[in-house]
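Here is a briefing on a predicted model. Look over the sequence and the structure first, then read the points below.

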Amino acid sequence: MVIRNYSIAAAFMGALALAWTPANAADYPNKSINIIVPFNPGGGADTSQRTFNKFAGPIVGQSLVVINKPGAGGTRGWAELVRKKADGYTMAIVTPPFNVIPALARPKQTGYTLDQFTNICIYAVVPDVLLVRSDSPWKTLGDLVKDPKSKTGKLKVANTGKLGADLMTTLLIEDATGIKMTKVPFTGGSKSFKAILSGTVEVMVGSAKFAAKGKGRLRTLGVSSAKRSPSLKDVPTFKEQGYNVVSERFRAFAGPKGLPKNIVDYWGNVCKKVTENAGFRVAMKKIKQPPAFRGPAEAQASIEGMAKRMKALVDKYGLKK
Amino acid sequence: MWDAILTAVQTNLHYSHLLVVLIGTLAGTFIGALPGLSAVSGVALLLPFTFTMEPAQGLIMLAAVYMSAEYGGSISAILINTPGTSGAACTMLDGTPLTRQGKAQEALYISLLSGTVGGFIGAFALLFFTQSLAEISLLLGPAEIFWIAASGLALVATLSGRHTVKGLIGVVIGIAITLVGQDAISGDMRYMFDDYRLVGGIPLIPSLLGLFAVASILGLLEKSGEAVAPLTLRKGALRSVVCELSKMKVLLLWSSVLGTVVGIIPGAGASISAFVAYGEAKRISKKPEEFGKGSYEGIAAPEAANNAVVGGALVPLLALGIPGSGSAAIMFGALTIHGILPGPRLFTERADIIYAFMVGLLFTVIAMFIIGLVTIRWSSLIVRTPRKDMVPAVLVLSMIGTYGLSNNLFDVYVLLIVGVIAYILNKIDVPVVTIALGLVLGALMEESFQQAAIVGNVDFGSTWIYFANRPIALVLMFVAFAIVVVGVLQILRERRAAADEKIVQGTMAEGTVSLRAANIILGTVLLALAVYILYGAQDFTPEGAQFPNLVGGSFVVFGSILLRVNLHPRTAVVPAQARPFAGVPWRVWAVVVAALGLFAIAIDFVGFYESAFIFLLLTSWLLSVDEKSPKRRLIGAAVFAAVFVTIVYGAFKLILKIPTPIGLII
């Protein structure tokens with residue numbers, strides 16, 4: 001009797017101990033996982049991550065809770081991420097180069113450094129495009145480069161923010177082609193888009209989705225991917241036209257620094273399965289985010305490579321403060 | 001086109017469409033009325049529900065939320081002196097005085113009816129003139145946007161009443177707040193002490209809630225009496241309101257047109273349209289002196305405009321793929337999820353969906369009208385809520401508005417600090433609404449000015465020559481100046497009328513700070529701030545330093561005027577006698593503010609709803625001093641806290657699914 005009581009007590013204690021054990025790496029995941037999206041609901045990053053979650057959820061078997069922490073171009077949410085425990089229960093979408101540039105150009109005021117992330121995978125890659133108006137005299141990138149006006153700074157290019165991804169692409173284009181434009185920053189891609197439609201600026205550099213949006217009114221002179229983009233088959237890459245400009249934006253999944261290896265592998269595997277899912281690929285194409293897959297090692301290398309190229313630009317143009 | 005419209009009407013009459021319109025409108029009205037949850041948050045919250053719907057249905061539901069939230073914002077603006085949405089901040093100018101006069105119901109009817117008219121006109125514009133309006137939107141570049149914002153700012157001349165300098169100080173304080181953080185155009189990091197949380201600036205919604213909700217609740221603490229405001233329920237209130245409104249046909253039409261036009265400008269939404277329409281209404285009114293004292297026109301104009309914005313904001317979205325507002329941006333997300341790409345081809349390729357959507361917008365206006373009509377009878381009773389319950393309830397709702405959506409504790413600190421400062425400034429005659437004006441318009445003005453400067457320099461060699469070469473900008477510039485002139489003339493008239501009577505605010509109670517002393521302190525603080533702002537601006541790029549220099553310079557001027565007036569023996573007589581802080585129950589006040597701070601800090605430890613419960617219990621208990629039996633006092637507070645937390649939990653966690661940190665119990 002006594003023994004039985006003891007055993008019940010022991011079992012009870014055991015159960016209690018089990019319930020109280022903090023996230024044990026072996027049975028990961030055993031509760032819902034918070035996923036920080038440092039942008040507003042309904043925006044590009046938010047829609048991408050929710051699409052990812054929709055297909056990852058059934059594989060993980062736990063609920064993936066999106067927590068929107070908008071502000072400061074995403075840096076506020078990422079600063080929160082790197083301050084969380086690296087137990088795999090707080091993860092985030094990162095969108096290089098948007099998390100990379102602030103860390104390089106404004107290190108003092110950015111709440112994190114680049115080595116504070118564990119990058120797990122890249123699940124979509126979006127190139128940039130260079131757009132001009134359909135009624136402009138420039139039919140090809142060559143026309144634009146040959147136009148003497150393009151060397152004087154008389155042409156204006158719309159950029160998103162002062163230190164956005166498209167500014168970096170613009171600088172790369174200027175470097176490779178020798179043209180020189182006045183940069184007019186706008187607070188958001190849509191506003192840049194409106195500025196070129198209305199003729200406030202002559203050129204726009206922005207995410208590839210604007211090529212599709214501007215069809216009929218705008219002409220796309222080049223895409224910044226290494227190979228032609230499947231969604232823009234008739235647009236030549238900068239490389240094809242003889243200019244070495246490769247610049248892409250990633251949708252990536254990451255956790256705080258020091259994430260245990262088994263959790264990294266776990267998510268690497270989930271990413272692989274998600275990106276192989278035909279439904280995911282269709283859904284991502286619908287929202288103009290071409291799906292891709294780069295696993296943990298490759299994602300880390302891609303993002304580090306990007307950071308290196310960005311740093312060179314930041315140093316060259318004195319963008320650091 | 002008429003065929004397409006007829007088919008669309010039939011589609012919309014299907015019961016499943018009517019049902020989503022109804023659900024969307026109910027949700028939107030409710031979300032709009034809640035402080036802090038604006039149309040944008042409403043549309044974002046309901047977005048996930050539309051993923052599984054037919055595209056047209058999902059879009060109509062979001063449109064219903066958007067439309068009715070812009071109306072719902074006025075309910076709390078009128079009843080509890082807290083704008084439910086930023087678009088309703090302007091409605092308080094005349095809504096609050098009307099409520100104080102016991103005419104809350106009339107004010108609500110005015111808001112509903114003019115919102116309906118505005119909503120219809122905006123929706124009609126969308127249906128029939130999308131293409132031409134989209135072309136108009138392309139004529140509005142940085143120069144025009146700057147002057148539209150400036151004509152909104154010109155309103156300050158009207159809003160400051162007798163205290164012109166204090167009103168100007170308010171506006172500049174508002175603009176100063178928008179300077180903090182990374183400047184999007186120049187990339188300068190301004191006044192942020194290297195704190196990463198300030199990179200994105202001081203968040204707008206918590207600031208507005210601090211300005212209005214917290215400050216007015218703190219003000220409520222000093223009043224005696226049980227209910228918040230008297231309420232007279234008159235029979236025939238609706239009929240008399242309809243009669244009044246029928247005399248304002250021109251005003252309603254003009255405000256709706258303004259709302260539609262402001263709506264098509266990306267970045268300028270409901271709040272800007274409301275202020276612009278209010279200024280215009282006062283300019284063309286036959287009774288401008290009634291504005292700010294409970295004028296029906298003062299509610300009709302902004303409310304017609306902020307509902308007309310909805311149709312306007314959807315014009316560039318559908319025609320060009322450019323969302324005209326934050327809510328429209330989320331609807332853009334909804335479109336792309338369904339594989340629909342907005343743009344000119346949409347009208348031929350997906351005509352069925354697009355016409356169903358545009359016609360559906362008219363249906364949402366009708367639904368808004370009906371639901372509004374039904375709920376006004378009940379919602380106006382809110383002003384009869386006992387003070388002891390109203391204070392904690394509004395504060396908890398503001399906390400959800402700030403914390404529930406951003407999940408940032410930092411935003412809660414902003415709410416508290418701005419609230420306390422706004423309360424004190426309000427006491428010494430700085431109109432809070434002028435601060436809001438600067439907050440809402442500052443960023444847009446600076447952004448468009450910097451862009452105009454860059455473009456103007458390349459194209460013409462100067463910003464001003466660029467302005468002069470844009471005819472629409474010139475017209476808008478004259479409108480802005482006209483609003484200033486009308487406002488100044490009226491102030492002079494009123495001043496002449498009031499010159500004979502001696503104005504002394506507050507009571508003559510001894511022992512508290514006099515207005516003169518407070519003015520001297522404010523003047524000194526402004527001068528100190530000016531030094532800090534101007535010194536900091538030395539490090540910025542020329543573009544990034546323009547507005548900081550302007551703000552610093554204005555602080556120097558206004559601070560000096562304040563000091564000059566209050567230090568001079570002749571002009572300082574009146575303020576030396578006024579005691580603005582007499583009768584402030586500092587002890588209760590401090591306890592409530594401290595409790596609110598503790599509430600915020602406790603969220604991370606015990607959970608949001610748990611800490612809300614404790615806060616409600618404590619505050620309600622503290623304020624029910626009239627209850628003599630200690631047992632009944634405690635039970636009363638506990639019951640109120642439990643009921644309110646349950647309602648809030650059901651609404652936010654279960655229905656709207658707003659994630660909050662997991663607490664001890666829930």
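A residue is buried if 20 or more other C-beta atoms lie within 10 Å of its own, exposed if 12 or fewer, and partly exposed in between, with C-beta atoms placed from the backbone. By that count, buried residues make up 52% of the 321 residues in chain A. The model is predicted: local features need pLDDT of at least 70, side-chain atom pairs count only at pLDDT 80 or more, and totals for chains, interfaces and linings use all residues. Residues are numbered from 1 along each chain as its sequence is written, while chains are lettered from A and ligands numbered from 1 in the order in which they are written.

**Chain A overall**
- Chain A has 11 helices and 10 strands. Helices (H or I, at least four residues) and strands (E, at least two) are DSSP runs, numbered from the N terminus.
- Along the principal axes, the C-alpha atoms of chain A fill a box of roughly 100 × 40 × 30 Å.
- Of the contacts in chain A with a separation of 6 or more, 75% join residues 24 or more positions apart. Two residues are in contact if their C-beta atoms, placed from the backbone, lie within 7 Å.

**Confidence in chain A**
- The average pLDDT (the predictor's confidence in each residue, from 0 to 100) is 86 for chain A, and 92% of the residues score at least 70.
- Where pLDDT is low, the predicted coordinates should not be read in detail.

**Helix H7 of chain A**
- Nine of the nine residues of H7(A) (residues 189-197) are buried, so this helix is largely enclosed by the rest of the structure.
- Among them are Lys191(A), Phe193(A) and Lys194(A).
- Gly199(A) follows H7(A) and has a positive phi, near 85°.

**Where chain B touches chain A**
- In chain B, 43 residues are in contact with 42 residues of chain A.
- Helices H3 (39-50), H6 (104-139), H15 (326-337) and H20 (432-459) of chain B each supply at least two residues of the side that touches chain A.
- That side of chain B divides into 25 nonpolar, 15 polar and three charged residues. Ala, Val, Leu, Ile, Met, Phe, Trp, Tyr, Cys and Pro count as nonpolar, Asp, Glu, Lys and Arg as charged, and the others, Gly among them, as polar.
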